[in-house]
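This briefing covers strand pairing and salt bridges. Please consult the sequence and the model shown here.

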Amino acid sequence: MKPIRNSAKALIVDNNKVLAIKLRDKVGFWYTLPGGGQDPGETLVETLKRECFEEIGAEVEIRELRFIREYIGGYHEFAETDGDVHAIEFMFECRLADGAEPGSGIEPDPGQLGVEWLEISRLDKYRLYPLALRPLIGRYGERDAPIYLGDVN
C-alpha cells in the first residue's frame with residue numbers, strides 16, 4: 001500500500017454553480033473538484049494554488065476549510081485502479097481571483113477534458129466525486145466548522 005497522501009481541493013461556487021474538472025471513462029463523463037496532491041514541503045494553501053493554476057489556469061483566493069474526505073481506494077468502485085490509494089482530501093471554499101477565467105491549465109490531469117460549471121440544483125444528475133459531497137455543496141455555508149465526510153466515494 002502506498003503511504004497516505006494529502007490533497008487539497010477547491011470548492012468554487014458562483015451564481016449557483018460549482019466549478020469542476022471534466023473527465024471521461026467507459027461509463028461516460030465524470031467530474032471532480034480542481035486540486036490535487038500535496039508535495040513534500042508545501043502547505044495545503046500552496047498546494048491548492050499550484051494545482052488550480054495547473055488544472056484550471058486560474059489563480060484562486062482560498063477561504064475556509066469546508067470538508068475533509070478520507071479515501072481508501074480499495075473499498076470503492078475504482079478499486080481496480082485505485083486499490084492501493086489512501087488519501088485525505090481537504091476541500092476549501094475558494095473564489096476565482098479578480099479577472100481570472102477558468103479554462104485549460106498549463107498541466108491538466110491525465111484524461112482531463114476541460115472545466116465545466118455544474119448547476120448546484122442539478123448535481124444529482126452528474127457523477128461528481130465524491131458523490132457524498134453533492135447534497136452538501138448547496139448547504140456548505142450553513143455550518144461554521146468543517147465537516148468530516150469519512151471514507152466516501
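A residue is called buried under 20% relative accessible area, exposed over 50% and partly exposed in between, with a 1.4 Å probe and protein chains only. The model is predicted: local features need pLDDT of at least 70, side-chain atom pairs count only at pLDDT 80 or more, and totals for chains, interfaces and linings use all residues. Residues are numbered from 1 along each chain as its sequence is written, and side-chain values use heavy atoms, with hydrogens and water left out.

**Strand pairing**

- Strands (E) are DSSP runs of at least two residues, numbered from the N terminus, and two of them pair if DSSP finds at least two bridges between them.
- Strand E1 (residues 5-14) runs parallel to strand E6 (residues 86-96), with eight bridges between them; Ala-8 has Phe-90 as its bridge partner in E6.
- E1 is antiparallel to strand E4 (residues 35-37), with three bridges, and Lys-9 stands opposite Gly-35.
- E1 also joins strand E2 (residues 17-25) through two antiparallel bridges, and the two strands form a hairpin with two residues between them.

**Salt bridges**

- The whole structure holds 12 salt bridges, each a side-chain nitrogen of Lys or Arg within 4 Å of a carboxyl oxygen of Asp or Glu.
- Arg-50 and Glu-42 form one, with the closest N and O atoms 2.7 Å apart; Glu-42 counts as buried because its relative accessibility is 18%, whereas Arg-50, at 22%, counts as partly exposed.
- Both residues belong to a salt-bridge network that also links Arg-5, Asp-39, Glu-51 and Glu-54.
- Lys-22 and Glu-116 form another, at 3.2 Å between the closest N and O atoms. Lys-22 lies in E2 and Glu-116 in strand E7 (residues 114-119), so the pair ties together parts 94 residues apart in sequence.

Notes. Helix = DSSP H or I, 4+ residues; strand = E, 2+ residues; numbered from the N terminus.
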